[in-house]
Structure formats: structure tokens, C-alpha cells
Amino acid sequence: MVDLLHYRSRGLDAMNKRFSVDINKYIKGNILELGFGEGKCLLELCKYSNVDVYGINNKKEKGVYCKEDLMINAHKWSISNFKLPNIYFYDISEGLRFSDNFFDTIISQFTVHYVKDKIHLLEECWRVLKPGGNAFLHLDTLPTIFIPYIMQRNTETPRLVIKKNNQIIKFSDHLKSFSNIILADAENSVNNRVLYMNKENSDNLNLGLQFNENATIDLLCEEDFNVPPIYWGIRSVYDIE
Ligand SMILES: C[S@@+](CC[C@H](N)C(=O)[O-])C[C@H]1O[C@@H](n2cnc3c(N)ncnc32)[C@H](O)[C@@H]1O
């Protein structure tokens, strides 16, 4: 079941458990969190010296309308002595409003699931990463209680579907020609998928996938948490170009 108290306030500890590397080692320079929720991770990042922290949400969650509002949450989590992060509110499906080669590190958990054009977002992450920069993205989650038929067809990445001649191609297979992008199970859960991206040079990334907006569906049919949280996020569909 969804933990009602924490589903928008996970911190760096949760992020670290998800990935097989110590994220703390990558906290330097300019760092971006996609989908910062109520800002716990962002605030914890701000405690590090020599970092400039950025975050994007599409919604103003729980009273966080501007960066100063994060002070209230910092107090709630007993986080003090930090420089406020730079926060923005827009849909990351439409792109990242930063210049090329800007970030050292990008992190995200429980957010890409909700993004409509996931591949565009991944290509955008690549664009805004500096050469040598890294992205640690929690990409997808398979329901554990009951897997609806539409998600059973692609249990590796149920919300990211790639088709060729009407056959589903596994994202990990598609990524075989991209040596610096690795899809893996999360360290703490075989039902969660994470993506590691290491940008080797300043070239743009083209994953060779055409967004099929007509086949893409919003899975959220019930916002009432009294029912199992099965249908949440967006099932994004792509055709191989
Ligand atoms: C389930 S919450 C997770 C928050 C936090 N990462 C955590 O794990 O506690 C998802 C967050 O992503 C943001 N989000 C969802 N879809 C987004 C989108 N398309 N563009 C930008 N932010 C988005 C929401 O505003 C929300 O705060």
C-alpha cells in the first residue's frame, strides 16, 4: 500500500537505497532533482557545501509555492543551516528549461512514472548534463498487489512501452546499443526499475523512438487511496523509428 505520510517526502536515504552506488559521492556542482515533492531530498542536498541545488515539480505540493515555503518543511524535518534551493514548477515532459551541459548530477524517484513523454525527458536529461555527468533515475514500478492486464504485457517497464511491428520490445534490449545507459532492478526492490546515465561527451542523445501519443494512456482512474494504488502514472508508448 502507499505510505500516505511519505509518498511525497522521501529523502536521500531512500534515494541511496534504490541505487547500487553511493549517491552521496555524486553530490557536487549543480544538482537537479526531478519531482521534488515536498522537498526533503532537495533540502538534504542543500546541506552539502559547494553545491547549487535545483528542483522541478509540476504541482505546488502541500503549501510549497516558492522556495521560502521550504523553510517550514525544513523545520518539520529538523534540517537547518542550508542555502535555499532553486525551484521551478512546470511539466518536465515538455523539456528541461536549462542550458546544455549545466548539471553534474540529476536524481529522481517516483516521478518519471507520471511523465507523459518519458523518452524526451531522458534525452533532455542527457542534454543538460555536463560531459562526465550522471543521472540516477527511478524509472518505473511494477504493482505488487495485482498487475492489471495492460501492465502484464511489459513487466520490465510497464509504463514505458516500445513497439516494433506491433510487438513489444524490452527497453533493456533497445538500450543495448547505448553503452552509457543502463537499466537495472533497484537495489532494494525487484519491482522497481532504475536507470543510470553517464554522459561521456557533449553529443546529443537520440534514443531513436517516436512518441505515440494516441496509444499513451493516463493510468490514474481512481485517486481514492482506500483502493489499492494500481492505476497510477502514465503508460507511454513509443514506436521504433
Ligand atoms: C509521488 S511524488 C514523489 C516526490 C518525491 N520524489 C518523493 O519520492 O517523495 C511525484 C512528484 O513528481 C512531481 N511530478 C509528477 N509529474 C511531473 C511532471 N510531469 N513534471 C514535473 N513534476 C512532476 C509531482 O509534483 C510530485 O511532487
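Which of the 19 residues around the ligand come nearest? I looked this up first. Arg10, Gly35, Gly37, Asn58 and Tyr114 do.

**Ground rules.** I noted that this is a predicted model: local features need pLDDT of at least 70, side-chain atom pairs count only at pLDDT 80 or more, and totals for chains, interfaces and linings use all residues. Residues are numbered from 1 along each chain as its sequence is written.

**Ligand shell.** I sorted the shell by class. It has six nonpolar, eight polar and five charged residues. Ala, Val, Leu, Ile, Met, Phe, Trp, Tyr, Cys and Pro count as nonpolar; Asp, Glu, Lys and Arg count as charged; the others, Gly among them, count as polar.

**The sheet.** Next I traced the strands. Strands are DSSP runs of E, at least two residues, and helices are runs of H or I, at least four residues; both are numbered from the N terminus. I found an open sheet of seven strands, in the order β3-β2-β1-β4-β5-β9-β8, with mixed pairing. Two strands pair if DSSP finds at least two bridges between them. Why is one side of β3 and of β8 (181-186) left without a neighbour in the sheet? Both stand at the edges, and each has a single partner strand. Neighbouring strands are turned by 15° against each other on average, direction ignored. Axes here are lines fitted to C-alpha atoms, for helices over the stretch in contact, and angles run from 0 to 180 degrees between N-to-C directions.

**Walking across the strands.** I started at β1 (residues 29-34). Six bridges join β1 to β2 (residues 51-57), and the two run parallel. Asn30 stands opposite Asp52 in β2. Glu33 has Gly55 as its bridge partner in β2, and Ile107 as its partner in β4. β1 and β4 pair in the parallel sense over four bridges. I then followed Ile107 onward: Phe136 in β5 stands opposite Ile107. β4 and β5 are also parallel, with five bridges.

**Cover.** A residue is buried if 20 or more other C-beta atoms lie within 10 Å of its own, exposed if 12 or fewer, and partly exposed in between; C-beta atoms are placed from the backbone. In β2, five of the seven residues are buried. In β4, five of the six are buried.

I checked Asn86, which lies in β3 (residues 86-89). Is Asn86 buried or partly exposed? Asn86 is partly exposed, because 14 other C-beta atoms lie within 10 Å. Asn86 and Tyr54 are 32 residues apart in sequence, yet 4.7 Å apart in space, C-alpha to C-alpha. Not counting residues up to four places away in sequence, Asn86 touches Val53, Tyr54 and Lys67. Contact means C-beta atoms, placed from the backbone, within 7 Å.

**Helix α4.** I turned to α4. Nine of its 11 residues are buried, so α4 is largely enclosed by the rest of the structure. Among the buried ones are Leu121, Cys125 and Trp126. Buried residues of α4 pack against β4, β5, β6 (160-164), β9, β10 (209-211) and β12 (234-240).

**The core.** Last, I looked at the largest nonpolar core, which has 53 residues; Ile106 and Cys125 touch the most other members. Helix α4 (residues 118-128) gives the largest share, six residues. Such a core is a set of buried Ala, Val, Leu, Ile, Met, Phe, Trp, Tyr and Cys residues joined through C-beta atoms within 7 Å. Leaving aside neighbours within four places in sequence, Ile106 is in contact with Leu32, Leu34, Cys125, Leu129 and Ala135.

Technical notes:
Contact = placed C-beta atoms within 7 Å. Near = placed C-beta within 6 Å.
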